Amino acid sequence: MGSEERRKPRLLCLHGFRTSGEILKTQIHKWPQSVLDHLDLVFVDAPFPCQGKSDVEGIFDPPYYEWFQFNKEFTEYTNFDECLKYIEDCMIKHGPIDGLLGFSQGAILSAALPGLQAKGVALTKVPKVKFIVIVGGAKFRSPLVVDKAYSSPISCPSIHFLGETDFLKKYGMELTESCVEPVVIHHPKGHTIPRLDDKSLKTMMDFIERIKKDVSK
């Protein structure tokens, strides 16, 4: 085997707002074992304890965490720099990290990080993010972040899950327009991590084969 044996792509997984790494792990395990066996998934909790009611209360047990705080219009962020530094520290601790997988608030972050890294304003101490997996994502709205995160197209391989009844679907579609050749999986559900049907399973496996080649370079 020797050099023929490739390591699995390692993804840092960023959970949704006011949930946790353990909750995201449970959500992702809806996916078939045939997908999970090809990926090395690292689940971490966001740096800040939940500062309000969680939407998953009564569905998943606490504790709950959040990556940063924001205003109603989602144009101003609190603890954002601390969040970026924390993610970098997680990438160092659990490295080498090849890519990012994010859901909801974690997806918004995951999609912005390659651009912020390319501009030298985040993740300066870790290798380049090679790919992103975005479930229920969107773009930041603050001009300060937008100017850096999306001023150049997101060129790393990306796969996006867009739910038919997801309140973020429109914004998730806008995000794909900022990506170079994004792979898109449409599903009939809302703001959730969907199960994979035969078609989406094939799309996901094709994407995994593609990123495996990037990891082995």
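Visitor: Which residues of α3 are buried?

Guide: This is a predicted model, in which local features need pLDDT of at least 70, side-chain atom pairs count only at pLDDT 80 or more, and totals for chains, interfaces and linings use all residues. Residues are numbered from 1 along each chain as its sequence is written, and side-chain values use heavy atoms, leaving out hydrogens and water. Buried means under 20% relative accessible area, exposed over 50%, and partly exposed in between (1.4 Å probe, protein chains only). In α3, the buried residues are Phe80, Cys83, Leu84, Ile87, Glu88, Cys90 and Met91. They cover an arc of only 160° around the axis, taken from the directions from the helix axis to the C-beta atoms, and therefore sit on the same side of α3.

Visitor: What covers the buried residues of α3?

Guide: Contact means heavy atoms within 4.5 Å. The cover includes the strands β1 (10-14), β2 (40-44) and β6 (77-78), together with the helices α4 (105-118) and α5 (143-149). Helices (H or I, at least four residues) and strands (E, at least two) are DSSP runs, numbered from the N terminus.

Visitor: Is Asp214 buried or exposed?

Guide: Asp214 lies in helix α7 (residues 198-216). Asp214 counts as buried because its relative accessibility is 17%. Leaving aside residues up to four places away in sequence, Asp214 touches Lys130 and Pro157.
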